[in-house]
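Please read them with the structure open beside the text.

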Amino acid sequence: MRSDAAVAVDRGQYPDAVTPWAQEDWRAEALGWAERGLAAHGLRETGPRKVRLRPWSVLVRMSVAGGDAVWFKANPPASAFEAGLTEALACWVPAYVLRPLAVDAARGWSLLPDGGTLFRDALDSAAARSAVDPRAWEEPLRQYAGMQRALAPYADEIERLGVPGARTAALPETFDRIVAENTALEPADRRALAELRPRLVEWCEELAGVGVADTLDHSDLHDGQLFAPEPGRFTFFDWGDAVVSHPFCSFLVPARAARERFGPEAPARLRDAYLEPWTDDGRTTAELRRALSRAWRLGAIGRACSWGRLFPGASIGGGRAGNAEGARWLLELFAEPPL
C-alpha cells in the first residue's frame, strides 16, 4: 500500500480549488482502489506520484515499472458518468478511445493507461520543425465524426449511463433552464437572451430538419483532449463535459482552437473535413454547411451546461459552480460563426 507516497501537487490557476483530495480518508480509499487496480493487471508502481487538482477533476499520475504511466481520475458527482461512459465506449468504439484498466462507475473513478503523444504536443513539435497549418486537424475531425456516427444507435444507452441529454428538439428547454439557474448573468444579458430565444428555436428546428441523428457530443474537443499515438491514428478522451445532442455542436470548440492557433481562415477550411463522413446519406454539402453554422452557435449551450459540473463548493471566475464561465458561454450565442 503506497497511499502515503510522496506526491507533487499541481493546482494550476486554481490554488483554492475545492476537491475531495483534501480529505485524508478519501485519499486513502481512492489511492488504495487505484493500487489494487494496478495489481490486478500485474503492474507495480514506482517513483513519486504527480497530482493535478482542478475544480472539475482529481488526476493522479502513477509511474509503473517497465511501462508508461497509469492515471487515476476522479470526477465530481455531476460528471461521475465519465467512468462508466469510458468503459462503454471502449466496448462500442474501441479504435477511438482508451480502454480503462479499472472503473468504479458509482464513485466516478477510473484507472486509465497512458494514451501516448498528446495532439497538442504533436502540433507543437511539428511547429518547431516547420510551419504547420490547419490541415493537421482534418484527419482527427474525420475520425471523430466517424465515431459520432457509430455511436448514434447507442444514444439512449449513453443517456442511461448518466450523460446529460441536450437533444436538438429539447435545446430550447435546456437553454431556459441554464439561463434561469445562472446567477452571474447581468439583467441586460438576460433580456438579450430572452429576445434571442425565438431565433434559437428556429435554429433548432432547422437543425432537426436536416435529419442527422443526435449522438455523443464531447463538448470540449480542443487539442489537449485527444492523443496521436501513431501517425494517422487518434484517440479521444476526457468525457466529463459530454452531452447527447446534435453531433455538429461538437465543431465549436475544435474550430475555435484551430482559429486561435492558425488564424481566422482555419474554421472554414476544417468544416468540410468534419462534414465529409456525413455526406453519404444524400445530403448536399450546402445543406450540411448551413446546419453546421447553426450548430456552431448552439454548441455554446452544451459548454454553458458543463460549467455546473464541478466539485461541490468549487468556485471559478468569482462565480459559484462556474456561473461566470457558464454566462460567458451563453453570450457566445450572439457570435456569428466565421464560416
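1. The axes are lines fitted to C-alpha atoms, for helices over the stretch in contact, and the angles, from 0 to 180 degrees, are taken between N-to-C directions. Helices (H or I, at least four residues) and strands (E, at least two) are DSSP runs, numbered from the N terminus.

2. On the basis of the values: this is a predicted model, in which local features need pLDDT of at least 70 and side-chain atom pairs count only at pLDDT 80 or more, while totals for chains, interfaces and linings use all residues. Residues are numbered from 1 along each chain as its sequence is written, and side-chain values use heavy atoms, with hydrogens and water left out.

3. Helix α10 (residues 285-306) packs against helix α11 (residues 323-330) at an angle of about 175°, with the axes 8 Å apart; α10 and α11 are therefore roughly antiparallel to each other. The contact (heavy atoms within 4.5 Å) is made by Ala 300, Arg 303 and Ala 304 of α10 together with Gly 326, Trp 329 and Leu 330 of α11. By class, four residues of this contact are nonpolar, one is polar and one is charged, where Ala, Val, Leu, Ile, Met, Phe, Trp, Tyr, Cys and Pro count as nonpolar, Asp, Glu, Lys and Arg as charged, and the others, Gly among them, as polar.

4. Helix α8 (residues 252-262) and helix α9 (residues 266-275) pack at about 135°, their axes being 8 Å apart, and that makes α8 oblique to α9. Ala 255, Ala 258, Arg 259 and Phe 262 of α8 meet Ala 266, Pro 267 and Leu 270 of α9 in this contact, which divides into six nonpolar, no polar and one charged residues.

5. Ala 257 also lies in helix α8 and is buried, with a relative accessible area of 13%; buried means under 20%, exposed over 50% and partly exposed in between, for a 1.4 Å probe and protein chains only.

6. Strand β3 (residues 57-62) is mostly covered, five of its six residues being buried. Strand β2 (residues 49-54) pairs with β3 in the antiparallel sense over five bridges, pairing requiring that DSSP finds at least two bridges between the strands. Val 51 has Val 60 of β3 as its bridge partner, and β2 and β3 form a hairpin with two residues between them. Strand β4 (residues 70-74) also runs antiparallel to β3, joined by five bridges, and Trp 71 in β4 is the bridge partner of Arg 61.

Methods:
Parallel < 35°, antiparallel > 145°, perpendicular 65-115°, else oblique.
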